[in-house]
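Hi everyone, thanks for making time today. I'd like to walk you through one model and how its parts meet.

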Protein chains: 2
Amino acid sequence: MTETNPTADTRHRRVPERGNHDFERACAIIDEARVCHVGFTLENQPYVVPMAVARQGSDLLVHGSVVSRLITSLADGLPCCATVTHLDGLVLARSSFHSSMNYRSVMVFGKAQPITDADEKSTALDALVEHLAPGRLADLRESSRKELNATTILKLPIETFSVKARTGPPSDASYDIDLPVWAGVIPLTLTEGKPIGAPDMADGIPLPDYL
Amino acid sequence: MTETNPTADTRHRRVPERGNHDFERACAIIDEARVCHVGFTLENQPYVVPMAVARQGSDLLVHGSVVSRLITSLADGLPCCATVTHLDGLVLARSSFHSSMNYRSVMVFGKAQPITDADEKSTALDALVEHLAPGRLADLRESSRKELNATTILKLPIETFSVKARTGPPSDASYDIDLPVWAGVIPLTLTEGKPIGAPDMADGIPLPDYL
C-alpha cells in the first residue's frame, strides 16, 4: 500500500509565531481530537501511551493517570512526540500496492512540562473537560485542591511539529484503471452514539442540551 | 480526570504460548484496528508514526511508506512500541476530576523486523488489504515483484505486551452522586460512510457485496 497522494512533510517545522498556515492546520487537526499518542523512551524502551488531549492556545495539553510511573518520567522533561491522527477513510485501489488510507495527522515534538500552579492546573483541567464535551463545564463543581494535587497535566508547546495528510480517491497505476474492479474510498468517522445515563443518577435529571 | 474503573495492567507480560487469555484479548483489540501508532527513538528524538496494522497469527504487521527514513531506521531493529487504541466513549462524571474515557488499548513492545522474502511479503501485504477490507483481496491482481520491492512491511511479535481498558459508567465520589447533574457515557464508534467511487472508474462497475 502506498502513500499515492501525499501532502506529507516529515521535516520538523519551527513555527515561533501564530497565524502561520501550518500552525493553523495543526491546530485544526488537534482541535478535532480526543486522544493523542505520546511516545518517549525510558531505559532504552520506547512507550506509546494514549492520553486525553486538548489545545490551550499554542500548547498541547495531555492528561493520563493510569500509567503513573510513565507519566512521572515524562513529566521529568524527557523528549517526547505527541501524535494526533484522524483516520478519514479506506482507500481501495485496483491493486494492493496502491491501496491506502485517508488520514490527517500531526506530530508534535518537544519536552512535556507538568503544570504545577494550582490555578493554571485547574484551568487546564477545565479546558480538557470542555474540549471533550463543549458546554459541560458549566454543569460541574469546581475541582478541589486535593483533586488538583492528584492530577498530572502536561503541556507541550506546538512549536516543532509535522503535519501529514492524505485525501481523495485512489491513485492507481495507469495500466490498472481499466480493470473491472470497483475502486474508491470508504469514509470513516468517529460518531457519537446515544448517551447512556449513569445507573446511579437520580430520576428526573434531563439530558443537557449540549449533549 | 481519573481512571476510575481501570482494568489496567502496565506490567509487560511475556506470553510465549497461544491460547492465553491476555493474548486473546490483545488479538481481539488488534483485529478491530486499522491503524496503530509506532514509537521509537532516533538520535534522542522520539517519533510516533501512524501506520496501517493487521495481525498475522502471533505477529503484528505494520506498514507505512511516507516517512521512509523513519521506517528504514525502524526496520534496522530499533526497539519500538506499537500501540493500538479504540476510543469507546466519553465518560462524563459529576466532576472534572472523575471524568474519563472508555477505551481499549494494547501496547506491543519489541523490535520490528522487515519482511524480506518476496512470498512472505506478498502474503503479508495481502493480509493487510484483507484486514482493512475483508473480501477485497479476491478482486485484486497479484502484486508485482517491483511493487513488493518498493514495499516495506514490518512484523513485531505479539509477545511482550500490555492491555489496558476502561469500561462502564462514571465512578463518581459518593458525595457527588446526588448533584443534580446528568452523568453517563457518550459512546463513540468509528463508522463507515457510504462508499465513494473513484472518478476514473468505468461506468457499470457495481459496488461489491463485501462493501
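Predicted model: local features only at pLDDT ≥ 70, side-chain atom pairs only at ≥ 80, totals over all residues.

I'll start with the symmetry, move on to the interface, and finish with the core.

Now, how does chain B lie on chain A? A turn of 180° with a shift of 0.0 Å along the axis does it, and the RMSD is 0.0 Å. The two copies are therefore related as by a two-fold rotation axis. If you want to find that axis from chain B, look for B:Leu190, whose C-alpha comes closest of that chain's residues, at 2.1 Å. Both copies use the same surface, too: 100% of the contact residues of chain B recur in chain A.

So much for symmetry; on to the interface. Here 87 residues of chain B are in contact with 87 residues of chain A. Several elements of chain B each supply at least two residues to that side, including strand E3 (45-56), strand E5 (79-92) and helix H3 (118-132). Which one gives the most? That's E10(B), with nine residues. By type, the side of chain B that touches chain A divides into 53 nonpolar, 22 polar and 12 charged residues.

Let's stay with E10(B) for a moment. Strand E10 (residues 184-192) of chain A runs antiparallel to E10(B), and five bridges join them. Within that pairing, A:Glu192 stands opposite B:Leu188.

Last stop, the core. The largest nonpolar core has 111 residues, and B:Val53, B:Val62 and B:Val108 are among those with the most contacts inside it. Leaving aside residues up to four places away in sequence, B:Val53 touches, among others, B:Ile30, B:Leu60, B:Val62 and B:Val84.

Definitions and conventions: Residues numbered from 1 in each chain as written. Chains lettered and ligands numbered in written order. Contact = placed C-beta atoms within 7 Å. Helix = DSSP H or I, 4+ residues; strand = E, 2+ residues; numbered from the N terminus. Nonpolar A, V, L, I, M, F, W, Y, C, P; charged D, E, K, R; others polar. Pairing = 2+ DSSP bridges. Core = buried A, V, L, I, M, F, W, Y, C linked by C-beta atoms within 7 Å. Buried ≥ 20, exposed ≤ 12 C-beta atoms within 10 Å, placed from the backbone. Least-squares fit on C-alpha atoms with pLDDT ≥ 70 in both.
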